[in-house]
Amino acid sequence: METGLIIGADAFFGLTLCEYMMKEGIQVDITRPHDHTEEQKVLLEERMMWLGRNDLIRVIDFQNSKDTYDLIFIQSEEPHKWQEDIKAKHGIYRILYEKNEDESAKQNVPAVILPRMFGPWTLDEERTKRDDSFFVEDVAKDLLKWASDTDQRLETTHELKIKSQTDDKQAEDIVAEWIRQNPTFFDKKQE
């Protein structure tokens, strides 16, 4: 895989997926919706400053997109706003956080339901592990691996099964390092 597009890469998981894809050497284009709360704007600005230091990422409008990507992930709540003429060699997947019975009826691409996650960029103060949650980078890694498997891409809705790879201590260290490197947002949250 060489290229990826993340539509709506402005939230906790979308940017983590982007970071993981770049670690794997994948060129990633991302789009972002423009309607955010003030807190989300500060978070996104901080994240984009971090990601912008890597030459494997591009923030695009659809008119600047490529014709074909290897993988496309849709995280936006506005699934019909992306151009239908953008193709994916290995698959287009809509990312969901919970099962919605009506979802398969209104979508035209397969959906992947992700498990509960924790990590350094959550907005709701739940940056610590819960019994039923997985470290966000483990989810990104398993999603990319699953999406690359041709036998599984034909399902309409798939609940992603995750193998925990990051132990609690490693996760705590990663979260602490992110907070150390990005103090502006986290200091502002605590005021």
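The legends below describe close-up views of a predicted model.

Local features are taken where pLDDT is at least 70 and side-chain atom pairs where pLDDT is 80 or more, while totals for chains, interfaces and linings use all residues. Residues are numbered from 1 along each chain as its sequence is written, and side-chain values use heavy atoms, without hydrogens and water.

**View 1. Strand 1, residues 3-7, is largely enclosed by the rest of the structure, because 5 of its 5 residues are buried.** Buried means under 20% relative accessible area, exposed over 50%, and partly exposed in between (1.4 Å probe, protein chains only). Strands (E, at least two residues) and helices (H or I, at least four) are DSSP runs, numbered from the N terminus. T3, L5 and I7 point one way from strand 1, and G4 and I6 point the other way.

**View 2. Strand 1 pairs with strand 2, residues 27-31, in the parallel sense over 5 bridges.** Strands pair if DSSP finds at least two bridges between them. L5 stands opposite D29 of strand 2. Strand 1 also runs parallel to strand 5 (residues 71-74), joined by 4 bridges. There, G4 has L71 as its bridge partner.

**View 3. Helix 5 covers residues 168-181.** Its buried residues are A171, V175 and W178. They lie on the same side of helix 5, because they cover an arc of only 60 degrees around the axis, taken from the directions from the helix axis to the C-beta atoms. On the other side of helix 5, K169, E172 and R180 are exposed.

**View 4. At the start of helix 5, a side-chain oxygen of D167 reaches to within 3.1 Å of the backbone nitrogen of K169.**

Notes:
Expected span 1.5 Å × (residues − 1). Polar contact = N/O pair within 3.5 Å; in protein donor to acceptor, adjacent residues only side chain to side chain.
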